[in-house]
Amino acid sequence: MLRSGGLSPTDPLVARRRGNARLAAAVAGALALLAFLGRSSDPAAQRLNPEAPLTLGAALALTGNANLYGQDQRMGISLAQGWLEAQPHPRRVALQLEDGASDEPSAIAAFNLLIRRGVIALIGPTLSQQAFAADPIAQRQGVPVVAPSNTAKGIPQIGSFISRVSAQSSVIAPLSIDEALRREPTTRRVAVFFAQDDAYSTAKTAIFQKVLAARGLKPVSIQRTQLADNDFQNPITAALQQRPQLVVISAQAMDGGNLIRQLRELGYRGQIVVGNGLNTPNIYPICQRWCDGVLIAQAYSPELNTPVNLAFRRLFAEANQGRTPGQIAAQAWTAYQVVFEAIQRVQKRGGFEGLTLGEARQQLMKELLSGRYDTPLGPIRFRPDGEVVQGRFYVAKVRMDSTGRNGRFTLVREQELPEGTP
Amino acid sequence: MIDTLLQTLLNGAASGGVYALVALGYTLIFSVLGVINFAQGALFSLGGYLTYLLLGGKIGVNGALPGWGLPIELPFWLALLLAALGSGAVGLLVERIAFAPLRRRGAEPLLSLITSLGAGVVLVNLLQLLMGAEGYAFPQAAAGLAHLPESLLLGGARIRTIQVLLLVISALAVASLSLWLERSRSGKAMRAVAEDPTTATLLGINSVAVVRLAFLLSGMLAGLGGGLIGMSVSLAGPYFGISYGLKGLAVLVLGGLGSVPGAIVGGLVMGLAEALIPSEASGWRDALAFAILFAVLVLRPSGLLGRRQLEKV
Amino acid sequence: MIDNGLLVQMILGALLGLSVYLPMAAGQLSLATPAFYAVGGTLAALLSTQGNAQSAISLWAVLGEMLLAGCLTAGLALLVGLPVLRLRGIYLAIATIALVEIVRVAILNLPFTGGAAGIFGIPQPFQKPFGYVLFSGALLAVCGWLFQRLEASRLGRSMAAIRDDELASRCMGIHTTRVKLTAFLASAVLAGITGVIAAHYLNTWNARQGSFDVAITTLAFVILGGSRSWLGPVIGGLLLTALPELLRPVGDLRLVLFGLVILLGPVFFPQGLITPALLERLGRWKP
């Protein structure tokens with residue numbers, strides 16, 4: 001291999017090198033062509049066709065490890081779509097659903113794809129980390145985004161086109177802690193568990209711990225877990241050695257459900273308070289009869305007795321073998337409903353006439369933020385920065401039936417927040 | 001103090017047993033072929049889902065056939081055995097598609113890292129299409145555990161009954177596997193191929209059959225592990241086997257690539273090391289496993305109990 | 001079909017493929033690329049979000065970050081490379097996977113890297129993806145030129161000799177440790193500066209960016225593209241990054257198909273798409 005000098009033109013090494021250079025030139029040419037062809041990426045300057053339906057894009061995690069949420073969201077959005085189509089509406093709306101997967105590059109690709117196809121607004125992405133990647137792209141191109149499930153701090157602050165219907169946990173957390181303390185006023189010893197590799201859970205636990213500190217309670221044990229963990233023998237036995245009277249968990253459905261089950265099996269009998277990552281019927285099959293009695297702070301309560309929520313519950317049950325919907329599906333429904341209603345309001349007053357797509361997006365964003373909506377989450381509206389203002393929050397207790405495989409969230413407390421406080 | 005120590009030991013044994021089971025699956029294949037089967041984690045998941053279906057479980061609403069289930073409800077033991085066989089069969093299939101063609105062509109062994117990973121990606125995503133992403137829990141009555149207490153108190157330390165059961169079954173599986181390798185004809189053939197494939201072939205051992213046997217057995221081990229874990233902590237989506245797969249890889253190296261006792265000792269050491277991490281530092285747990293692995297590789301590349309020498313440079 | 005945004009990701013994929021290819025050209029199966037990629041990305045994210053929040057950053061600042069990331073990753077690679085490069089084959093692969101996981105957990109747990117949510121609001125050097133295409137494309141072109149030169153240089157020939165037979169090449173007087181370490185260092189630096197561009201392009205950075213999955217995906221770039229010429233990983237990186245996006249029309253089946261490509265690609269093309277024979281034929285071809 002170390003031949004050098006005296007190379008004839010027929011030498012395979014020389015030929016290979018020349019072939020390499022030729023192919024490299026071809027690749028470079030192809031890339032340049034692709035770069036040129038892919039330059040115009042946004043039809044924002046085109047005029048709207050007044051007859052055509054407006055397209056709404058949704059980028060949800062249908063694959064990857066967040067797909068459980070994505071599948072719930074797909075359900076919520078398609079139910080909302082069916083329900084709203086049946087109502088009288090002056091402007092037709094079409095939905096384009098794309099897989100935003102569970103990683104950042106895929107979310108960006110899905111957003112780019114949908115924007116290029118000329119959507120008027122976007123719903124998604126599923127994870128907060130993905131939102132930090134994809135939302136700035138929509139912001140720069142002036143496409144309204146409604147996040148159905150991003151709860152991390154700073155999402156609406158990404159820009160003027162970014163909003164969310166998922167209330168931040170700071171509002172909800174104190175309710176559930178106070179409820180637990182009301183039931184057991186002598187509680188002194190609190191153990192805290194949280195999934196440390198999950199943006200939602202780490203934000204949530206910070207708020208829980210702040211509330212605990214404000215109530216004069218210092219956790220006797222803080223346990224960090226991972227989203228992909230299944231076996232919690234180590235953290236649980238370590239926490240139980242501190243004899244806690246209250247356990248506060250910030251986790252997602254799977255790991256949280258497992259954690260609750262194993263806490264109970266290992267003999268913990270005190271109260272358990274969980275964050276709203278577990279506000280989904282998906283936990284019933286995981287923690288089964290051991291779910292019973294868990295206190296949960298909810299941004300969505302299936303028990304809410306309003307026409308729209310009853311419709312949502314009915315449609316969800318029809319599509320899902322009689323199950324009750326969870327928060328993720330309700331928030332996805334809400335995201336679709338909010339955009340749909342804003343579109344109809346703009347259409348009614350003739351606001352889309354003669355506009356380009358880019359101008360229509362701006363109009364829609366303005367309308368979106370200024371409206372009030374009656375959703376399955378209760379009445380909501382937006383702050384000027386895009387943060388949701390939700391009027392009602394709930395504390396529920398899980399009640400499992402005798403089979404231990406099905407249950408429901410029974411409302412124990414409902415709180416109306418005074419107008420204006422986020 | 002004694003209680004805490006006992007509890008730590010117990011915790012370490014409980015998770016270490018599972019790690020050993022996963023690592024053994026890798027070990028069998030590595031010992032005969034010198035390659036790693038990255039589809040092992042997916043086979044682990046598959047075993048869990050098969051067990052669930054054989055127990056009479058129904059497919060959830062996000063799956064391809066919502067509400068569908070096998071028309072049988074087998075007892076846990078039988079379901080576990082059949083699921084292990086099923087995973088073993090798929091393990092054989094993985095060998096046929098991802099490994100055998102490469103070996104026939106004499107391609108670089110490292111290509112099988114990629115092909116087996118591809119097989120894993122296909123398997124996990126097929127599972128997701130069929131079963132949906134939701135979690136499934138096994139019916140508790142199936143294992144006949146309904147009449148036992150949920151956890152046992154052993155001298156001040158507490159452990160869940162199901163984990164004791166899990167540990168016993170893994171120990172039985174590992175013991176019978178070792179015995180089989182030691183005593184049986186095909187076990188001896190497998191060890192001979194692991195020792196020296198060329199000589200083994202000269203001695204008239206059918207090395208292709210031995211390789212297939214290794215894939216069948218390691219697939220069965222993965223299926224067994226998946227079913228047991230599913231029983232203990234339920235199935236948290238099709239990806240749940242993957243994290244076990246990665247941890248098993250660390251254990252494999254820790255014990256010494258290709259060494260059966262090494263995999264067992266490595267699993268226990270890893271379980272114990274994790275149990276010893278104080279709560280404040282529990283976020284670093286996964287780094288610890290790989291830091292140990294890293295240190296072992298650099299200081300003692302043959303692993304704790306490895307007997308194979310590194311290629312001479 | 002392929003917009004500028006996807007094209008940027010494809011070019012970044014090609015650069016990461018080259019990073020995995022470098023040690024492999026010297027016969028070393030190192031999967032450490034995502035670790036250095038993560039270090040570079042984290043460094044860029046930290047530096048560019050210091051001080052007041054701003055949406056733009058000058059190109060010079062990004063180049064400065066790349067320089068710093070290059071130095072940092074080179075230092076780390078030197079530290080890690082000396083003990084690790086004594087390992088061979090699968091042992092080296094596993095040790096470098098361990099390195100990737102350690103770096104991932106460290107980024108997740110360090111007090112200044114934003115934990116699970118990561119660092120966000122990373123300022124942009126370009127208004128449009130086209131700027132990123134030009135910038136990363138230029139980097140790829142420079143790399144291509146360097147690699148083309150490398151393969152004819154003394155160092156490149158030493159690497160090829162080690163890959164063919166390490167023992168023999170040592171007998172021929174090649175300082176194998178130094179050559180292997182050089183390749184490892186260059187690979188780390190390339191991954192680090194790619195991480196810098198990626199952090200700006202992604203607007204955010206977190207521990208998940210450098211994971212085991214990335215290690216395997218980038219290895220697939222090299223294996224499927226071909227590991228006998230630097231063009232292999234480039235073409236592999238470009239194609240495999242685009243593939244999941246191009247497969248969108250098949251919907252839920254797309255990851256199954258992606259898996260099938262990874263599974264069957266090496267079976268049908270054991271040498272990858274770009275084989276020496278193909279290049280030779282191309283070189284002899286006269287129009």
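Is Cys143(C) buried or exposed? At 8% relative accessibility, Cys143(C) counts as buried, because the cut-off for buried is under 20%. The views below are taken from a predicted model.

**View 1. The disulfide of Cys287(A) and Cys291(A).** A disulfide is a covalent bond between the sulfur atoms of two cysteines. Here the sulfur atoms of Cys287(A) and Cys291(A) lie 1.8 Å apart. The link between Cys287(A) and Cys291(A) is right-handed, with 95° about the S-S bond. The count over all chains is 1 disulfide. Cys287(A) has a relative accessible area of 0% and is therefore buried. Cys291(A) is also at 0% relative accessibility, so Cys291(A) counts as buried.

**View 2. Cys71(C) and Cys143(C), two cysteines too far apart for a bond.** The cysteine sulfur closest to that of Cys71(C) belongs to Cys143(C), and the distance is 16 Å.

**View 3. A nonpolar patch on the surface of chain B.** The patch is formed by Leu78(B), Leu81(B), Leu82(B) and Leu85(B). Together these leucines have about 340 Å² of accessible area. One of them, Leu78(B), is found in helix H3 of chain B, which covers residues 76-104. Leu78(B) has a relative accessible area of 38% and is therefore partly exposed, because that class lies between the cut-offs of 20% and 50%.

Technical notes
Residues numbered from 1 in each chain as written. Chains lettered and ligands numbered in written order. Predicted model: local features only at pLDDT ≥ 70, side-chain atom pairs only at ≥ 80, totals over all residues. Heavy atoms only, no water. Disulfide = S-S within 2.5 Å. Buried < 20%, exposed > 50% of the residue type's maximum accessible area, 1.4 Å probe, protein only. Patch = residues over 30% accessible without salt bridge, like charges linked within 9 Å, V, L, I, M, F, W, Y side chains within 5 Å. Areas by Shrake-Rupley, 256 points an atom, 1.4 Å probe, with all protein chains shown as cover. Salt bridge = Lys/Arg side-chain N within 4 Å of Asp/Glu carboxyl O. Helix = DSSP H or I, 4+ residues; strand = E, 2+ residues; numbered from the N terminus.
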